[in-house]
Amino acid sequence: MLKELRSREKVIGVKQSRRAIREGRARQVFLACDADPALTGPLLAQCREKTVPVESGCTMRELGQAAGIQVGAAVVVLLEDR
């Protein structure tokens, strides 16, 4: 599934991810297992509320690399196809 992060439309970061989930545009959420729970906890709760699937088996470094950025990422959201 991480391979899809390179090719599909996505948002990276907590603020943009929170917005995408709230607006119903999130298809799948990837949370880094080593990210600060104070950041990821509210996102996880929001995903459960909106019934968005969550994957959390990757590190911040792995998520960042999979998304094609040079730094780690706490959260990456795949967006719904338009």
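Start by selecting Gly68: this residue follows helix H4, and its phi is positive, near 85°. Helices here are DSSP runs of H or I with at least four residues, strands are E runs of at least two, and both are numbered from the N terminus. Before moving on, note that this is a predicted model, in which local features need pLDDT of at least 70, side-chain atom pairs count only at pLDDT 80 or more, and totals for chains, interfaces and linings use all residues. Residues are numbered from 1 along each chain as its sequence is written, and side-chain values use heavy atoms, leaving out hydrogens and water.

Step back into H4 (residues 60-67) and colour Leu63, Gly64, Ala66 and Ala67, the buried residues of this helix. Buried means under 20% relative accessible area, exposed over 50%, and partly exposed in between (1.4 Å probe, protein chains only). Now look down the axis of H4: the buried residues fall within an arc of 165°, so they line one face of the helix. The arc is taken from the directions from the helix axis to the C-beta atoms. Show what covers them, including helix H1 (4-7), strand S1 (10-12), S2, S3 and S4.

Next, pick out the largest nonpolar core. Of its 13 residues, Ile21, Ala26, Val29, Leu43, Val75 and Val77 touch the most other members. Such a core is a set of buried Ala, Val, Leu, Ile, Met, Phe, Trp, Tyr and Cys residues joined through side-chain atoms within 4.5 Å. Two or more residues each come from helix H2 (14-22), strand S2 (26-32), helix H3 (37-50) and strand S4 (75-79). Apart from this core lies another, of twelve residues, among them Phe30, Cys58, Ala73 and Leu78.

Now zoom in on Ser17 in helix H2. Ser17 counts as buried, at 0% relative accessibility. Beyond its neighbours within four places in sequence, Ser17 is in contact (heavy atoms within 4.5 Å) with Val11, Ile12, Leu43, Val75 and Val77.

Then go to Val52, in the loop between H3 and strand S3 (54-58). Val52 is buried, with a relative accessible area of 12%. Leaving aside neighbours within four places, its contacts are Ala26, Arg27, Gln28, Val29 and Cys47.

Finish at the cysteines. The whole structure has zero disulfides, that is, pairs of cysteine sulfur atoms within 2.5 Å. For Cys33, the nearest cysteine sulfur is that of Cys58, 7.3 Å away. Cys58 is itself buried, with a relative accessible area of 10%.
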